[in-house]
Amino acid sequence: VNEPEQAVVGPLAGSQLRFDGYYRNQIGDLIYLLRFFPEGRVVTVNGTTQVEKDLPAFLVRETKGNPGLGLHNVPVTLVGDSLVFVTRPEKGEIEYRGAVVSGSMVRFLRHSHITGTRQVMEYVFHADGSEPSKQDSAQVVQPS
């Protein structure tokens, strides 16, 4: 009997998202990570470059949100080909509305209902087990 391929099932199955790693955005010293799960959830975490190596460990289905750490586990809605989710930090809501740009990137318009700011954020995919990009490491100086 041929075992079927591990079929991705769930509301995000046809979305072209990848589920075998996480998506990463960096603004200055801040790192933002997203991991999507086919059953229709996303886990988000943010931190600084100093703690980046510890962040992917939070990106699991079982994560309980911790808004103080920027850690959220929330449902994702597929509206046409747009992905929509809302995180609720301690003071309000941040809405993400975006789409898969390619096999290695998702782009979201991040609208903070707390500050009123809107920004386009592009997240680049990192497969599980791969090292974070080293292209920025030239400017990182390790404290002696």
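## Where β3 meets β4

Val-42 stands opposite Val-74 in β4. The pairing of strand β3 (residues 41-48) with β4 is antiparallel and runs over four bridges. Strands here are DSSP runs of E, at least two residues, numbered from the N terminus, and two strands pair if DSSP finds at least two bridges between them.

A quick note on the model: it is predicted, so local features need pLDDT of at least 70 and side-chain atom pairs count only at pLDDT 80 or more, while totals for chains, interfaces and linings use all residues. Residues are numbered from 1 along each chain as its sequence is written, and side-chain values use heavy atoms, with hydrogens and water left out.

## The whole sheet

Now for the wider view. Nine strands form an open sheet with antiparallel pairing, in the order β4-β3-β2-β1-β9-β8-β7-β6-β5. β4 (72-75) and β5 (77-79) stand at the edges with a single partner strand each, so one side of each has no neighbour in the sheet.

Strand β9 (residues 118-127) pairs with strand β1 (residues 21-27) over four bridges, in the antiparallel sense, and Tyr-22 stands opposite His-126 in β9. β9 also pairs with strand β8 (residues 105-112), again antiparallel, over seven bridges. Here Phe-108 stands opposite Met-121 in β9. The hairpin of β8 and β9 has five residues between the strands, and within this hairpin Gly-116 takes a positive phi near 85 degrees.

## Two nonpolar cores

Which residues touch the most other members of the largest nonpolar core? Of its 20 residues, they are Leu-17, Tyr-23, Leu-34, Phe-36, Phe-85, Phe-108 and Tyr-123. A nonpolar core is a set of buried Ala, Val, Leu, Ile, Met, Phe, Trp, Tyr and Cys residues joined through side-chain atoms within 4.5 Å. Buried means under 20% relative accessible area, exposed over 50%, and partly exposed in between (1.4 Å probe, protein chains only). β2 (30-37), β6 (82-87), β7 (94-102), β8 and β9 each give two or more residues to this core.

Another core, of nine residues, lies apart from it; Leu-33, Phe-37, Val-43 and Leu-55 are among its members.

## Thr-44 in β3

Back in strand β3 we find Thr-44. Is Thr-44 buried or exposed? Its relative accessibility is 5%, so Thr-44 counts as buried. Leaving aside neighbours within four places in sequence, Thr-44 is in contact (heavy atoms within 4.5 Å) with Leu-33, Leu-34, Gly-70, Leu-71, His-72, Phe-85 and Thr-87. Its C-alpha atom is separated by 9.6 Å from that of Tyr-22, 22 residues apart along the chain.
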